[in-house]
There are 2 protein chains.
Amino acid sequence: MSSVLQTVLDGRWAAVRDEVRAQMGEVQTDPSLPTEQYRAQIAGYVAELAKTGRPHQGFDPAYGGGGDVGGVVAAFQMLGHGDLSLLVKAGVQWGLFGGALQNLGTARHHDRYLRDMMDGTLLGCFAMTETGHGSDVQHLRTTATYDAATQEFVIDTPEPGARKDYIGGAARDARMAAVFAQLITGGTSHGVHCFLVPIRSDAGDALPGVTITDCGEKAGLNGVDNGRLVFDGVRVPREALLNRYADVAEDGTYSSSIENETRRFFTMLGTLVRGRISVAGGAGTATQKALTLAVRYGATRRQFSDPATGEEVVVLDYLAHQRKLLPALATSYALHFAQEDLVGRMHDLQKFSEGPLAGPSSDTAPVQDEQLQRDLETRAAGIKALGTWHATATIQACREAAGGAGYLSENLLPQLKADTDVFTTFEGDNTVLLQLVAKTLLSDYARKVGKLDLLGKVRFAADLVGGEVAERTGARSLLRRGDVRDRAHQRRLLVAREEHLLGSLARRMRAALKPGVDQFAIFNAAQDHLLEAARAHVDRIVFDAFADAVDRAPSTVRGLLELVLTLHGLSVLESRRAWFLEHGYLTVSGSKALASGVNELCAALRPHARDLVDGFGIPEQWLACPLLDGEQQLTTEAPAEEAPADLKAVG
Amino acid sequence: MSSVLQTVLDGRWAAVRDEVRAQMGEVQTDPSLPTEQYRAQIAGYVAELAKTGRPHQGFDPAYGGGGDVGGVVAAFQMLGHGDLSLLVKAGVQWGLFGGALQNLGTARHHDRYLRDMMDGTLLGCFAMTETGHGSDVQHLRTTATYDAATQEFVIDTPEPGARKDYIGGAARDARMAAVFAQLITGGTSHGVHCFLVPIRSDAGDALPGVTITDCGEKAGLNGVDNGRLVFDGVRVPREALLNRYADVAEDGTYSSSIENETRRFFTMLGTLVRGRISVAGGAGTATQKALTLAVRYGATRRQFSDPATGEEVVVLDYLAHQRKLLPALATSYALHFAQEDLVGRMHDLQKFSEGPLAGPSSDTAPVQDEQLQRDLETRAAGIKALGTWHATATIQACREAAGGAGYLSENLLPQLKADTDVFTTFEGDNTVLLQLVAKTLLSDYARKVGKLDLLGKVRFAADLVGGEVAERTGARSLLRRGDVRDRAHQRRLLVAREEHLLGSLARRMRAALKPGVDQFAIFNAAQDHLLEAARAHVDRIVFDAFADAVDRAPSTVRGLLELVLTLHGLSVLESRRAWFLEHGYLTVSGSKALASGVNELCAALRPHARDLVDGFGIPEQWLACPLLDGEQQLTTEAPAEEAPADLKAVG
């Protein structure tokens, strides 16, 4: 059973995943080492990784890359089953630094640096975040001022808040930084652009004008050398500008294929979406590992006796314990397939078939690609936010489910917790990301309205005044009658929530368009509404991705996966049942059926819990820890094999 | 304003708190030290602490103690503003080991050990938890078999799961362990009792028959030396039994003032309630520190611009940021006063006025005291569970609210997170504790029924069949009409939830009394109901404790505190509004008013956020970190003083 599940979960890049599983067999990291030693160990494995040729797979075939963008992300994610410092350190080199070079640079940069970057002989870092600006990166303060006399850019940190901060790779290893700075030429600022700036000599010393400091110990990820960069009149040649979207001529004339400064900046950022997608994936695999540990422990640990038999009860047989782990496990399945779908979309969009310059939303790309790119970015933001929050909450639950043993480093859960914690705020703070999602949804909504014919607009306007789509069609009373365990009905509820929240949000936001109003106050008063609208959208697309995967699955596991989907749907709906009640989409009995449904599905999936976590296919050597010692005893005492339950009986 | 708040928060033991604040000025710990050095540092401070005479204050005056049980817990909690390893290490010595000695021992133990324990010249540990039994400590497997021939107990670890595990102090410092073991004499087991067992020589070597191993690195609290103990035929004299509740005569005859084995065991455990109360307090102060850091940072950090002014907005002015921090701040206030009330109840109950043997639920105590003790234990369990979960969630939110800076060790939040994480599962796993609370509530409920006269029983039986108390009195429709921001109405809702959940739980549990039923299945199917009933009870008592404190507060801050209480009440009710809707206690508009009420109260309290965290009175040197560097800039640029808002306008 679990091997079929693994095939389904491994999906499109199964071969890549298996390759990484095999490679990981030789990786033995030790996060308990003193920081400098651990950093050296991780840097060593990054060099080893480069030798495998695996990172090359994500880059332009014209330069010796493999052109397999999706495969490289799938491979990257797998490192989350192993060491997350290695995952992040590799992500800095090939995802962030390499991604900027590939996607924002042009032939002159690719010719010179791409191969060395892939080979790991040119180690780089990604210097975007500043002490004063993390979420609002459009307003970074670092400057790159063009000096026409020498045909150079001068990189400066004009104030303490403009210091580059938390930069992975900066403290120890990086020789070059992709520095995001306000481009100034002829006294005019043209917004943030990216520059290749050497920061260290081959010997490892900071170059003149560059001050490098160490961020020191962090909650986790201490194998990554995060540092700070301050620039004082650092000169780089004109060609250091990664000029795919904009360039400065020798005389200082600025030109860009994208007129609007904001649009240009976000187009550039958009090409870097892979980083965000990779973080979501890493959070997912780390969560799978925590769930595997907690479920397997819970299936052997016994505590308190059954009064009838006197036998001690396996803790995973307690409803409260199931409720801690099994809905989270179901949601991890859902997010896994949503991630798989996301990676596939990115892969199909970021083809290298059009030559070295092609890639995400190339400036010559057709409009359709632009929309696909926009959709990809929205999905990536949403899935990253929900996925990393899910990781934080679930790994915490797994830690608690393992009691005192879960607090010991030897049992791996503390490291998983500590390492993944930052995922909720890096590569975009989750709250800010959900805001981005909502804003995109709002403008799509407005565009949809713009395309309506006259009658449509009248109807829509009436709707904006008086009611909502669902109400108008009488759908609400229909919704109140469905079975909350039915897939189609679950989806209808999720869609109704998504549409209702977005429609009512659009109405509130219309107030901000009137002249003279305090736009910030209107926006701010609706911020919780806005975030919930975004979440509703992401909940629906995650559900759809999982449902699609269930339909594609072989019949041997389809019934089981359908149950997992049902539990996921029930638990999402249960967490939002107050909203459904408040807005008339659920009756009281329907609402109560959600809680009892979750309980019933927990019971139904309990016998399959081990299979479900085994399906993640995490190599045993990455799970080995004293927490699972009880399993050996179990195997000796009684074979753990269970008769396959009749899935129909609970479906 | 904040100094008045501090006076109110400091409460009954204000002088003790100030004394600790002054003492802490000299404490400079460094959790980033290598583990052995950090352990040594913490052990050194424990020795320093002993010299201050402060720990002595909690013990019997007849032996040089101060008899101030409440004061010593208040002092202990204050260490949570500083270093949590020091807090836990001190808690092991004087709370757990000292508590067992004081409360389970008699004159023969007190004469010999109490003074040395207080002075810290006898370092001890508390060896209860075993690898195989953590929550279900009644079924520990370590044995203490009486050998009448030599008048000794023989301590043994009969199986791997009986190994004492996670024992603070065992790995490095403790010379003696309070070992909980099944007492066997004449071939009969009498249940778990506590024995004083020397484990290390003065030189620090393990004594013969004792195998000590180190639990190694943990997620946090690495200044505490947790270890494992295995006993192989370790002989201790008959007098090593802490014999306050039971004794073994020279000939091996067992005697106890408490006939029932289970009742005896839980009476013994009950005397150790101080440990649980102390953990709740430590979680509270750690949470206050995290909130102080996050609120102060949020009040200086700016990100994104107001479109009207172009000025960057202070992040604490965003609704989403307020919602992350301010309801949690309000609940921290509520829990602080609930804790203060709890410590006061314990102090008043655990008086030493009756001589050296008196203490918690002395076997000669009147019945009234027994009920008070039972109530104290229930409150302690409930407040510990809710308080430590609140700590984990809130410190996490604070970390995220500080973005990347919150992930750096230099900004203190990672250590707070890591150190407090184990609080949810030690001194009683929270889920198990809430179960205890519910079981006590159920038996109190049954007793109440037992005391009813005939008419009352008939009414009650009718009630059990058909409805609930609230419904019978028509209270439900009344409840639907109230203002959810009104204190009395909030309380009515909390009480209705508590009574309804307990009443319906009692009805479900009655099914388990029928002969032939599967008791475990009935219990297990209702486990989520049971846990929610416990939570409802604790929510109500926490609310009451806060409300009482508001009423006692000086008029200058009473209005502000009333707003904090309102926000706390709203956020508890908001989190459970689905239940209120499902059970007819809230109308849709009442339910929606909860969310808008939370938003309004966040806005109302925003100008007072700094005062509210300053009220916790955390010494500046314990907060100093780069995260707060922005404040200096603010002070230079513009004085942070704000005009006192008109509280009435928002009340």
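Visitor: Which residue is the bridge partner of Asp147(A) in β3(A)?
Guide: The partner is Glu152(A). Strand β3 covers residues 152-156 of chain A and runs antiparallel to β2(A), with five bridges joining the two. Strands here are DSSP runs of E with at least two residues, helices are runs of H or I with at least four, and both are numbered from the N terminus. Two strands pair if DSSP finds at least two bridges between them.

Visitor: Before going on, what kind of model is this, and how are the residues and chains labelled?
Guide: This is a predicted model, in which local features need pLDDT of at least 70 and side-chain atom pairs count only at pLDDT 80 or more, while totals for chains, interfaces and linings use all residues. Residues are numbered from 1 along each chain as its sequence is written, and chains are lettered from A and ligands numbered from 1 in the order in which they are written.

Visitor: Back to the hairpin: how many residues lie between β2(A) and β3(A)?
Guide: There are four residues between them, and Gln151(A) in the turn has a positive phi of about 55°.

Visitor: Which strand runs parallel to β2(A)?
Guide: That is β5 (residues 176-185) of chain A, joined to β2(A) by three bridges. Within β5(A), Leu183(A) is the bridge partner of Ala144(A).

Visitor: Which residues of β2(A) are on its covered face?
Guide: Ala144(A) and Tyr146(A) are on the covered face, whereas Thr143(A), Thr145(A) and Asp147(A) are on the uncovered one. In a regular strand the side chains alternate between the two faces of the sheet.

Visitor: What about the sheet with β4(A): in what order do its strands come?
Guide: The order is β4-β8-β7 in chain A, an open sheet of three strands with antiparallel pairing. Strands β4 (164-168) and β7 (210-214) of chain A stand at the edges with a single partner strand each, so one side of each has no neighbour in the sheet. From one strand to the next, the twist averages 35°, an angle between N-to-C directions, on a scale from 0 to 180 degrees, of lines fitted to C-alpha atoms. Gly168(A) stands opposite Asn226(A) in β8(A).

Visitor: Changing topic, is Ser332(A) buried or exposed?
Guide: Ser332(A) counts as buried because it has 24 C-beta neighbours inside 10 Å. A residue is buried with 20 or more other C-beta atoms within 10 Å of its own, exposed with 12 or fewer, and partly exposed in between, the C-beta atoms being placed from the backbone.

Visitor: Where does Ser332(A) sit, and what does it touch?
Guide: Ser332(A) is in helix α9 (residues 319-349) of chain A. Leaving out residues up to four places away in sequence, Ser332(A) touches Gly284(A), Thr287(A), Gln288(A), Leu291(A) and Thr394(A). Contact requires C-beta atoms, placed from the backbone, within 7 Å.

Visitor: And how many helices and strands are in chain A?
Guide: Chain A has 23 helices and 13 strands. Its radius of gyration is 26 Å, close to the 26 Å of the globule rule for 651 residues, so chain A is as compact as a globular protein of that length. That radius is taken over C-alpha atoms, and the rule is 2.2 Å times the number of residues to the power 0.38. Buried residues make up 55% of the 651.

Visitor: How many residues does each chain bring to the contact between A and B?
Guide: Chain A brings 57 residues and chain B brings 57 residues.

How values were computed
Two residues are in contact if their C-beta atoms, placed from the backbone, lie within 7 Å.
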